[in-house]
Amino acid sequence: MSIQSTRPQNRREFMDKLVVPYDAHYGNPNDVFPEPFKAGQPEQNRALEISLKNDIDKDFSIGIKDINEAVQYYFSDVLKLSVVQNNTRVPIPIIYGNEENWKGVQADGYYRDNNSKLMAPLLMFKRTNITQNRGLANKLDGNNPRNVQVFEKTFSRRNIYSNFNAINSRLPEKEYVVAVTPDYVTVEYSCIIWTHFIEQMDKLIESVNYASRTYWGDPSKFQFYSSIDSFQDVTTFNTGEDRLVRSNFTLTLNGYLIPDSINKSVSAANRVYGISNLVFGLETSTEKINYPK
Amino acid sequence: MAIFGSSRDITTFRSISKELVNDVISQQCGYYKVSLSDTVPNIYGESPKKFYIGPVLLNCLIERGDFSFDQGDFGPDVKRPATFRFLKEDIMTANVHPEPGDIIMYNEVYYHADNVNENQLIVGKDSDYSYSTGLENFGASYSVVIVCHYISPDALGITQQRL
């Protein structure tokens, strides 16, 4: 197999030609502007481009989906709502509102009867509103956010044990994860509980109401402060329709968002490292060493 | 004094209808009534634990509506109307008194009775309500028509579908 002898220069190789010599007049040659330069776009600093190869940490971003999953988790894994129906304790399925038909009818057929008719109890939630909370901190500038938060990691693979480090008393370096200040938002969910009987509904409202004004979410991921102000009972029985026992409530979550967008990742390094010291002492020997011939 | 719809005419009507419904068409359904003496309602006028009388097997004419899927927040939900027509004589023989709230089972699907109509009278008269002498042998109430809608069996407590 022949090795290709000529190939076009990549960006780094091309820019390296401009580095020498460093001149204060031209500034740091590592600051590379996007081509073509666009006003408002952040400068690109290669020094901040750190490889995340083999990194198991999630890039620090919190999306709307994370907040939705926190609600889902709290309903299904913490509250674990259930009712007693036909002498059996029936767990309440938690569904997101207006899902696709293949999911609602085919994949989740267990809460439907043989003719695909819905069977109570059910709990539905869906996001209805996201409002910016401007009373808290903000990132100052979306194009170039400088208001960052730094988290120190307790373990870094760069400090992994080696004989060399141990012999030379290498000071372990600190690894920090840098995240921009999030957008604080208030997320509202419309929730509906549907049961066959008001007696069942009472128990469910008691459980959900008790969980109001607490932090909802998976403790190993994100938790958000929640509040529920009121429950509206909707019990109707129209001719030709089933008796409807439903309770509507609005769940409000104080969430925060860090998008996974390019301007966020470019403008702030997501990983920085502290200084690592490795001190070599001068060792001299006056003894004559007789090397074997 | 009426001329038509005497007891002889009524007997003819009834025998032909009975043969048609019971021997020719022979559609059957199970009729459930809530046992009022055993079922205890709560403060909301409902009972998660219901007891039923029946099912009583009855011959009838069934007008099945189509299944319709209504999209809602919980996903598509199925609705289906159905109309069950009984001969009044069969109803009386079975000692069943149809009322709204009764349950009819047909092809393993349960229907909730919404309307009960006893409104088909032979020659427009009912011999039970004769206000003049001689009319007690003319006319008759002929049928009972029950308009129903499809209901989930889990709500009734008759069969358990949610496991």
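Two strands count as paired if DSSP finds at least two bridges between them. In this predicted model, strand E6 (residues 103-106) and strand E7 (residues 109-122) of chain B are joined by four bridges. The two strands run antiparallel. One of the residues involved is B:Ile103, whose bridge partner in E7(B) is B:His112.

Both strands belong to a barrel in chain B. Six strands close it, in the order E1-E2-E5-E8-E7-E6, with antiparallel pairing. From one strand to the next, the twist averages 45°.

## Aromatic pairs

A pair of aromatic rings is described by the distance of the centres and the angle of the planes. Over all chains, a search of the whole structure finds 20 aromatic pairs. One of them joins B:Tyr31 and B:Phe86: the ring centres are 6.0 Å apart and the planes lie at 75°, so the pair is edge-to-face. B:Tyr31 sits in strand E1 (residues 27-34) of chain B and B:Phe86 in strand E5 (residues 81-87) of chain B, so the contact ties together parts 55 residues apart in sequence. B:Tyr31 is buried, at 1% relative accessible area. B:Phe86 is buried too, with a relative accessibility of 1%.

B:Tyr32 and B:Tyr52 also form an edge-to-face pair, with 5.8 Å centre to centre and 80° between the planes. B:Tyr32 lies in strand E1 of chain B and B:Tyr52 in strand E2 (residues 52-64) of chain B, so this pair links parts 20 residues apart in sequence. B:Tyr32 has a relative accessible area of 9% and is buried.

## Cluster and charges over rings

Chain A holds an aromatic cluster. Its members are A:Tyr74, A:Phe75, A:Tyr96, A:Phe125, A:Tyr189 and A:Trp216.

A:Lys117 places its charged end over the ring of B:Tyr150, 5.5 Å from the ring centre. Within chain B, the charged end of B:Arg80 sits over the ring of B:Phe67, 4.3 Å from its centre.

## Largest pocket

The largest pocket has a volume of about 760 Å³. It is lined by 32 residues, and those closest to its centre are A:Phe237, B:Val34, B:Lys50, B:Gly101 and B:His112. B:His112 is also the bridge partner of B:Ile103.

Several elements of chain B contribute to the lining. E1, E2, strand E8 (140-151) and helix H3 (153-156) each supply at least two residues.

Most residues other than glycine have a negative phi, and most peptide bonds are trans. Exceptions occur in both chains. The peptide bond from A:Ala120 to A:Pro121 is cis, with omega near 5°. A:Pro121 is in the loop between helix H3 (101-107) and strand E6 (122-132) of chain A. The bond from B:Gly54 to B:Pro55 is cis as well, with omega near 15°. B:Pro55 lies in strand E2 of chain B.

A:Lys80 is not a glycine, yet its phi is positive, about 50°. This residue is in the loop between helix H2 (64-79) and strand E3 (82-85) of chain A. A:Lys80 is exposed, at 59% relative accessible area. B:Val123 has a positive phi near 50° and lies in the loop between E7 and E8 of chain B. At 45% relative accessibility, B:Val123 is partly exposed.

A:Gly255 lies in strand E12 (residues 244-257) of chain A. A:Gly255 is buried, with a relative accessible area of 3%. Its C-alpha atom is separated by 8.6 Å from that of A:Ile64, 191 residues apart along the chain.

Note on methods. Residues are numbered from 1 along each chain as its sequence is written. Chains are lettered from A and ligands numbered from 1 in the order in which they are written. This is a predicted model: local features need pLDDT of at least 70, side-chain atom pairs count only at pLDDT 80 or more; totals for chains, interfaces and linings use all residues. Side-chain values use heavy atoms; hydrogens and water are left out. Axes are lines fitted to C-alpha atoms, for helices over the stretch in contact, and angles run from 0 to 180 degrees between N-to-C directions. Rings of Phe, Tyr and Trp (its six-membered ring) pair if their centres lie within 6.5 Å; planes under 30 degrees apart count as stacked, over 60 as edge-to-face and the rest as tilted. Buried means under 20% relative accessible area, exposed over 50%, partly exposed in between (1.4 Å probe, protein chains only). A charge sits over a ring if NZ of Lys or CZ of Arg is within 6 Å of the ring centre and within 35 degrees of the ring normal. On a 1 Å grid over the protein atoms alone, a cavity is a set of points where a 1.4 Å probe fits but cannot get out, and a pocket is an open set with protein on both sides within 12 Å along at least five of seven lines; lining residues have an atom within 4 Å of a point. Grid points are joined across faces, edges and corners, and a volume is the space filled by probe spheres set on the points.
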